[in-house]
Amino acid sequence: MANPNAGQRVAANWELVVKTKPEDQIHDDYWLLNQLSQGEGFVGKSGGDYIVCPIEYTLNGTVASYSDLDVISTTRYDVFDRYEAQWKEYAGSYAISDLESDRNSGEGQVFDLRAAKLESLKNSIRSTFNADLFGAGTANSSKVFTGLQALVSATPTSGTVQGVDRSSYSFARNQQVTGTLTTSAFDNLRASMRSAYNQASNGISSDHPSFGVTTRTVFEGFEGLLLANERFSSKESGDGGFKNEVLKYKGMQLSFDNDCGSGLMYLLNPKFLKLVYKTGAWMKAQPVQRPVNQTADFVLIRTMANLFTTNPRRLAVISAIT
C-alpha cells in the first residue's frame, strides 16, 4: 500500500485499555452538597407556591409583675410570621445518536456510552449545585439557589432574605465573626471559631453547629494549629503519616470544599439549614425524547429545590480569615 493510514504496527494490534470506565479528571468531592443532601438537612415536599417556615419572632409584651388590682395589659401582640423562599429549577440534558449507540455495541464497546453520559450529566449537575450553594443567589438573574453568601452572610445586618429585612429585624440575622490575623497567619482563627460556635449555639442544649466548611487554605491553617498527638501502631502508618480529610472541633465535623469563598468558614447545622426539594423532582430523569427529524435520543434531568434556613441565628460565618 503506497499511502498507509496507520502502519503495520497499529493495524496488527488492539489498543490496551487500562480501565473500562472513563477516569474523572474534573469533579471534586462536594463536601457541602454531600452534607446537605442526606439526613436531617434534606427535605422533600410535595409542592406549594413557596417554601415557607412559620416563625415566632418576638415576645408577648403583656407579661409584667402586678399588685392587687393593677390593670393587666390585654394588648394583642403579633408574635408569629413566616420565612418564605421561591423554588429554583435546574435542568441538564445529554444526547446520544443512533450512530453512537451502534458503534458502542457488541465487540466495539469499551464502556457503556449511554450509562457514562448519564453519570457525567449527574456529576455536572452536582458540580453546579455545589457551586451555587455557596453563592449569593443573584447569578443567572437570581434563578439559582439562595446560597450561603445570602443566608449566612458576612454582612448580616443588611439585605432582605427570605422575605425579611435584616436591617430592621435582628432575629433574621446569622452570626458573624472576623478572623483576621494580628501578627501571624491564623493566630486568631481558633478564638474566632470559639466565638462563632458559641454564638450559634443555643446555650448548652444540643443545638450546636454540627459541621463546618471552609477553604483548603484555611483548613490547613487550622490543622497546623493543632497539637501533635500521634500514636504509631504500625511501621506503615509511621512512615506514611495519616489521612485525615475531616477534623473535629467541639464535636463539629470540619472539612474543606473547593467552592467555598476565600477567607470564609461556615459553621452550620442541618436542623436549621435545609436543602428543600420537590418530591419526585430531585435530579429526576424525564422520559426519553426522540425528535421526528433526528435519529437520536435526548434525555433531560430536572430538579426543583432551594436552600432554606429556619433559624439564621443558629448559623455562623467567620469572614476575612487570614
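**Sheet, helix packing and cores of the chain**

The chain contains nine helices and 15 strands, taken as DSSP runs of at least four residues (H or I) for helices and at least two (E) for strands, numbered from the N terminus. The model is predicted, so local features are described only at pLDDT of at least 70 and side-chain atom pairs only at pLDDT 80 or more, while totals for chains, interfaces and linings use all residues. Residues are numbered from 1 along each chain as its sequence is written, and side-chain values use heavy atoms, with hydrogens and water left out. Of the 322 residues, 36% count as buried (buried, under 20% relative accessible area; exposed, over 50%; partly exposed, in between; 1.4 Å probe, protein chains only). Among contacts (heavy atoms within 4.5 Å) with a sequence separation of 6 or more, 74% join residues 24 or more positions apart.

Six strands form an open sheet with mixed pairing, in the order β7-β15-β11-β8-β10-β9; two strands are taken to pair if DSSP finds at least two bridges between them. Strands β7 (175-178) and β9 (247-249) are at the edges and have a single partner strand each, so one side of each lacks a neighbour in the sheet. From one strand to the next, the twist averages 25°. Strand β15 (residues 316-319) runs antiparallel to β11 (residues 265-268), to which three bridges join it. In this pairing Met265 has Ile318 as its bridge partner, and Leu267 stands opposite Ala316. The pairing of β15 with β7 is parallel and has four bridges; here Ser319 is the bridge partner of Thr178. In a regular strand, side chains alternate between the two faces of the sheet. In β15, Ala316 and Ile318 point one way and Val317 and Ser319 the other way, and all are buried.

Helix α7 (residues 189-200) touches β7, β9, β10 (252-256), β11 and β15, and its direction makes about 170° with that of β7. Axes are lines fitted to C-alpha atoms, for helices over the stretch in contact, and angles run from 0 to 180 degrees between N-to-C directions. Helix α8 (residues 216-225) lies across β8 (211-214), β9, β10 and β11 and runs at about 130° to β10.

The packing of two helices is described by the angle between their axes and the distance between the axes. For α7 and α8 the angle is about 105° and the axes are 10 Å apart. This makes α7 roughly perpendicular to α8 (under 35 degrees, roughly parallel; over 145, roughly antiparallel; 65 to 115, roughly perpendicular; the rest, oblique). In the contact, Leu189, Arg190 and Met193 of α7 meet Val218, Gly221, Phe222 and Leu225 of α8. These residues divide into five nonpolar, one polar and one charged, where Ala, Val, Leu, Ile, Met, Phe, Trp, Tyr, Cys and Pro count as nonpolar, Asp, Glu, Lys and Arg as charged, and the others, Gly among them, as polar.

The largest nonpolar core has 37 residues, of which Leu148, Tyr266 and Leu268 touch the most other members. Such a core is a set of buried Ala, Val, Leu, Ile, Met, Phe, Trp, Tyr and Cys residues joined through side-chain atoms within 4.5 Å. At least two residues of this core come from each of α2 (31-36), β4 (88-97), α4 (113-133), α6 (148-151), β8, β11, β12 (273-278) and β14 (296-309). Helix α4 gives the most, with five residues. When residues up to four places away in sequence are not counted, Leu268 touches Leu32, Leu148, Val152, Pro209, Ser210, Phe211, Val213, Leu273 and Leu315. Another core, of 19 residues, lies apart from the largest one and includes Ala200, Val218, Leu247 and Met252.

Gly147, in the loop between α5 (139-142) and α6, is buried, with a relative accessible area of 0%. Leaving aside neighbours within four places in sequence, Gly147 contacts Asp132, Leu133, Gly135, Ala136, Gly137 and Leu307. Most residues other than glycine have a negative phi. Asp68, in the loop between β2 (51-56) and β3 (80-85), has a positive phi near 50° and is exposed at 65% relative accessibility. Phe186, in the loop between β7 and α7, also has a positive phi, of about 65°, but is buried at 15% relative accessibility.
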